[in-house]
Amino acid sequence: DTKNSAAHWELYTEAGTGNLSVYLPGRGGVVNSGAPVCDDTWHHLGMILEEDRVRLYVDGVEVADQALSPLAGEVQAGGFAIGQLVEGTLGCHGYIDQVRLSSGLQAISEDSVGEMAPNDATLGFWDF
């Protein structure tokens, strides 16, 4: 969704630090993991977004777990973008290899790091 939607979310790295972060304007704002991932090394990144909390993972290790505020604001239909915002701004300057978007809770652990594949809960899978 666009940034105007309360349901908008964006997973990104913070300028200057390279920390993995997520922006959730309708649920409390920015969650910064404090985990830098812009270090010229491939990383497996994960996010579990629930109704009341969000968790971020780097290479199968949980690096953030934060409670979220109840959804506040108007939800506006939008789209889905990889490597940029839906509006077409703020593009990616790094490399993205694979993206899997799943429904429901998925276990993320150090054992799950590796080549991704679609599964029964997969809503979308992109292999670049």
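Visitor: What makes the pair R53 and D65 a polar contact?
Guide: First, a word on the source: this is a predicted model, where local features need pLDDT of at least 70, side-chain atom pairs count only at pLDDT 80 or more, and totals for chains, interfaces and linings use all residues. Residues are numbered from 1 along each chain as its sequence is written, and side-chain values use heavy atoms, with hydrogens and water left out. Now the definition: a polar contact is a pair of N or O atoms within 3.5 Å; within protein, one must be able to donate a hydrogen and the other to accept it, and residues adjacent in sequence count only if both atoms are side-chain atoms. The side chains of R53 and D65 make such a contact at 2.8 Å.

Visitor: Why is R53 called partly exposed?
Guide: Buried means under 20% relative accessible area, exposed over 50%, and partly exposed in between (1.4 Å probe, protein chains only). R53 has 26% relative accessibility, so it counts as partly exposed.

Visitor: Which residues does R53 touch, leaving out those up to four places away in sequence?
Guide: Contact means heavy atoms within 4.5 Å. On that basis R53 touches I48, D65, Q66, A67 and L68.

Visitor: How do you know that β5 and β6 pair?
Guide: Strands (E, at least two residues) are DSSP runs, numbered from the N terminus. Two strands pair if DSSP finds at least two bridges between them. β5 (residues 53-58) and β6 (residues 61-67) have 6 bridges, in the antiparallel sense, and R53 belongs to β5. Y57 stands opposite E62 in β6. In the hairpin of these strands, with 2 residues between them, D59 takes a positive phi near 55°.

Visitor: Why is S33 called buried?
Guide: S33 sits in strand β3 (residues 29-36). Its relative accessibility is 12%, so S33 counts as buried. The S33 side chain also reaches the backbone oxygen of L20 at 2.7 Å, and one of its polar atoms lies 3.0 Å from the backbone nitrogen of A35. Beyond four places in sequence, S33 touches L20, S21, L56, V63 and A64.

Visitor: What about N19: buried or exposed?
Guide: At 11% relative accessibility, N19 is counted as buried. N19 lies in strand β2 (residues 19-24).

Visitor: Which side chain makes a polar contact with the side chain of N19?
Guide: That of N32, at 3.5 Å.

Notes
Helices (H or I, at least four residues) and strands (E, at least two) are DSSP runs, numbered from the N terminus.
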